[in-house]
Amino acid sequence: KSKNVRIEGVTVVHPMVWTVAIYESSDVHIDNIKTISHGMSSDGCDIVACRDALVENSFFRGHDDILAVKASTMSDYTTRVSCENVTFRNCVAWCDSSNPMTIGYETVGDVRNITYENIDVLNQSRPPVWRLEAIMAIEPHYTGTVDGVTYRDIRIDVALADDPESLFRFVIDDGSGTIRNVRVENVFVNY
């Protein structure tokens, strides 16, 4: 519940859980950070129930979700909290498992106006115990609407599985969520 948050020039190595997690804050700017982790649940950057957040010029390597947007609090999935106006740009995402870019998992509330722009996805590997997850995923699991998502200038350098969901997975898995107004433009896959 902070305002005017600035995180710049930080390197984080081998955290055990979510590496950079911002909750219920506004006017967030994360710039030029580097994270390297490999443990279970070692997300790269989670923007949770925030407004007006920009994550840019950064490198994230992790085992779990890398560039994640959620609209809930970890302690209470029954309270609806929205997340809006979040941009990830000029970032590199290296994911060992799960999703390099994900919106909505563990979400109660609305997610609006999310942009992934000029993102490089590198070397996503798959340990034998995990199945390959989608590179771009929108999965509101509980309630709420995901509205207004743009993926622009995305470069993916991985071997995709034969599964059609290995590139995009936009789905309501559980509950009564809604997905609308998604734009995907200029995506290059090199495999």
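Phe 168 sits in strand β15, which spans residues 168–170. Strands here are DSSP runs of E with at least two residues, and helices are runs of H or I with at least four, numbered from the N terminus. The model is predicted: local features need pLDDT of at least 70, side-chain atom pairs count only at pLDDT 80 or more, and totals for chains, interfaces and linings use all residues. Residues are numbered from 1 along each chain as its sequence is written, and side-chain values use heavy atoms, without hydrogens and water.

Phe 168 counts as partly exposed because its relative accessibility is 30%. Buried means under 20% relative accessible area, exposed over 50%, and partly exposed in between (1.4 Å probe, protein chains only).

Now the whole protein. It has zero helices and 16 strands. Of its 191 residues, 51% are buried.

Thr 19 gives a local view. This residue lies in the loop between β2 (11–13) and β3 (20–23). Thr 19 counts as buried because its relative accessibility is 16%. Its side chain reaches the backbone oxygen of Asp 43 at 2.8 Å. Beyond its neighbours within four places in sequence, Thr 19 is in contact with Val 12, Thr 35, Ser 37, Ser 42, Asp 43 and Gly 44.

Conventions: A polar contact is a pair of N or O atoms within 3.5 Å; within protein, one must be able to donate a hydrogen and the other to accept it, and residues adjacent in sequence count only if both atoms are side-chain atoms. Contact means heavy atoms within 4.5 Å.
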